[in-house]
Amino acid sequence: MDRSVDPEIAAHHKPGTSTTGDGAEDSAAVTGADGAAASAAASAAASAAAAIPAPAIPAPAMPAAGEARVVARFEIPYRACLDRDGRPLGPLPSFASDVELLRRMYRTMVRARTFDAKAVNLQRTGKLGTYPSCLGQEATHVGVGAAMHPEDVLFTVYREIGTKFWRGVELYSVLMYWGGDERGTIYTRNPQDFPFCVPIGSQLPQAAGAAFAMQIRAERRCTLAFVGDGGTSQGAFYEAINMAGAKALPLVCVIVNNRYAISVPVSQQTAARTLAQKAIAAGIPAVQIDGNDALIVRQVVGEALARARAGGGPTIIEALTYRLGDHTTSDDATRYRSREEVDDAWRAEPIARLRNFLTARGAWNDTEEEALKRACAEEIDAAVKQYLATPKQSTDSMFDYVLAELTPALRAQRDEARRYAQRS
Amino acid sequence: MAKMTMVEAINMAHAWEMAHDPDVVVLGEDVGTNGGVFRATVGLQQRFGATRVQDTPLAEGLIAGAAIGLAAQGIKPVAEIQFMGFIYPAMDQIASHMARLRNRTRGRLTCPLVLRMPHGGGIHAPEHHSESLEALLCHHAGLRVVCPTSPLRAYGLLLASIRCPDPVIFLEPVRLYRFMKQEVEDNGEALPLEHCFVLREGADVTLVTWGATTVESLKAAEQAAAEGISCEVIDVASLAPIDHETILDSVVKTGRLLIVHEAARNCGVGAEIAATVAEQALYDLLTPVRRVTGYDTIMPFYRLEHDYIPSLARILDGIRAVMGD
């Protein structure tokens, strides 16, 4: 099976919207020599007990002296469902008829945005530590959550609260995490999901490892890992996607391209015209999507996850979005981007777009909007109260989880910390 | 019972645990068909299949990171880093994630795994193939660092490491892989971690060491005995956490401490041992603590490596020095 050619992606590819333009040198279908090697690796991974055969590398016919011939071509498809105003660009995916699902996605996006604004305010008033706003990226985050199955495993960076909320992480837990308390990483639902990952890109080798475990046990589930645009510059990103390709791991990697790594724009991060095309070097199918379009996120991630669960290997999805807020509460984005740019990005923001779509279909109205806002505010206030009322952990907690059991030396240090423990 | 080298005992421990625990999986560079560059994993792929013994792409950070993900999913990875000199790309995964996954999730996620690697020099290897970097790892809370020095201890300590609920860095002194043969019973019995091994009892000097320098240390103790000096030789074996108690008990008995290690002296594990003895047994000491270690230089290319590694003569002089001569 040649898993590197994705019929779904190929079918939806619109030549007019391909971001690779028409330059022959970098327009490329994921086929040819790379595809053959990848499928050899996939079949090698599948034949468990047999010795691994050396993959056949087809030798290209020798060109005449001084001539070059093309040995591989690649292209990156771009996909979207809705325009900026929420109008369908064409026939919609079948799940779009599930109005309850769409309403739930919308509610979770609003919930994430409302929580986000509250968290920023809490930081400004000294009640929360540094906090990274997710403003403007809700469609990517919630669309991914809606595409995953509960038994899949999620690896995030640190901004994807929409995905976390969808998967049952409590508002309280996120407040506890950014409020400087490790208990914010205790997830009671989907307890195999990893916590936020701060060192950029370093979650990806672990995500590959989790996917590797699923493949070893022949389970029909998969791993989803987020990475940011800056994270694609890390060696760990390349190492992980390379292994995912070589072993056909059930891993879907979503690159959240929010255009900036703190202050550095993507144009200074890489000369690559898309971040999705970094997948080509790993022999992995890749697609770029409108990350502010919750429908296409849910659809494309869903297709990739289904293929991964069925043993079809990894996919890389670049979701184009925009970080409307500062990098974190410690950042001032006016130092590196213009008002005009941000105003334009606001016109493409994801929540109004989905609301317009739902309203036009008669699936949402102003009364429901008001009720949702009230419900979010009440839920958030309750979570904030609970967070602010939670006493800090005892100093023992620093020692309790270093190793499975306390060592004599750690016990002595624990007792010392107890004697000097600060009250507040 | 078969007589075997340390590398054969390491191989046998892998095989025992793979045969008795279906969750144990071996991964690393060249561990499959090739059986590892030192042959530590030879035959395992043929016996247990290509799913449970897998070659990885050539990326140490990936190997360490993938082992974390595997372990968090309930697989028990035994991963090989080909030489300790190549551990640097893996340090982000080891320090930022492996060491702290249990702590940062309050025990919700853990990563019991073994990261094995050859340790130290003395085999005429190329540049970067002879490093002793245990201090780098011992400094990180949340890791165990284990270093066997004989076939018997390699077998028992590797089994203990695979069964341990914590991540274990398992250092295998290259010089000892085929240094001696010992009878090792394949009985699946683990040895205790966090436990020093007293290799030779003595009354005058406590000689604390680990790794390949146990060989020269035992020789030095033998020769010192001819001079009328009785040395107690302790193989630390578990470098993190350390069994300080055995060392302190011995120092209280002998009143003299000589620490021998191949790694550089500055901020080495020997400094931690000396400081602990100073804190807890200073008045039991008859003479100042001394260290015989690798120098605070770059590990030289191999023509000078035996000038770097503590020699029998240096250790003997160290023993004489703590005796007050």
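Which residues does A:Pro199 touch, not counting residues up to four places away in sequence?

1. A:Pro199 touches B:Asp92, B:Ser96 and B:His97, once residues up to four places away in sequence are set aside; contact here means heavy atoms within 4.5 Å. This is a predicted model, in which local features need pLDDT of at least 70 and side-chain atom pairs count only at pLDDT 80 or more, while totals for chains, interfaces and linings use all residues; side-chain values use heavy atoms, with hydrogens and water left out. Residues are numbered from 1 along each chain as its sequence is written, and chains are lettered from A and ligands numbered from 1 in the order in which they are written.

2. The place of A:Pro199 is in the loop between helix H6 (171-178) and H7 of chain A, where helices (H or I, at least four residues) and strands (E, at least two) are DSSP runs numbered from the N terminus. With a relative accessible area of 28%, A:Pro199 is partly exposed; buried means under 20% relative accessible area, exposed over 50%, and partly exposed in between, with a 1.4 Å probe and protein chains only. A:Pro199 and A:Val157 are 42 residues apart in sequence, yet their C-alpha atoms are 8.5 Å apart in space.

3. Helix H7 (residues 203-216) of chain A holds A:Gln206, a residue that is buried at a relative accessible area of 2%. Leaving aside neighbours within four places in sequence, A:Gln206 is in contact with A:Phe155 and A:Phe194 in chain A, and with B:Gly65, B:Ala66, B:Ile68, B:Gly69, B:Gln93 and B:His97 in chain B. B:His97 is also among the residues that A:Pro199 touches.

4. For chain A as a whole, the secondary structure comes to 15 helices and eight strands, and 55% of its 424 residues count as buried. Among contacts in chain A between residues at least 6 apart in sequence, 75% join residues at least 24 apart. Helix H14 (residues 396-400) of chain A includes A:Asp396, which is buried with a relative accessible area of 15% and is in contact with A:Arg414 and A:Arg418, leaving aside neighbours within four places in sequence.

5. In chain B, helix H1 (residues 6-20) and helix H7 (residues 151-163) pack at an angle of about 35 degrees, with their axes 8 Å apart; axes are lines fitted to C-alpha atoms, for helices over the stretch in contact, and angles run from 0 to 180 degrees between N-to-C directions. The residues making this contact include B:Ala9, B:Ala13 and B:Trp16 of H1(B), and B:Tyr155, B:Leu158 and B:Ile162 of H7(B). By class, the contact of H1(B) with H7(B) has 12 nonpolar, one polar and two charged residues, where Ala, Val, Leu, Ile, Met, Phe, Trp, Tyr, Cys and Pro count as nonpolar, Asp, Glu, Lys and Arg as charged, and the others, Gly among them, as polar.

6. Over all chains, the structure holds zero disulfides, a disulfide being a pair of cysteine sulfur atoms within 2.5 Å. The sulfur of A:Cys222 is 13 Å from the closest cysteine sulfur, in A:Cys253, and this is too far for a bond; A:Cys222 counts as buried, at 0% relative accessibility. B:Cys138 is likewise in no disulfide, with the nearest cysteine sulfur, that of B:Cys147, 9.8 Å away, and B:Cys138 is partly exposed, with a relative accessible area of 22%.
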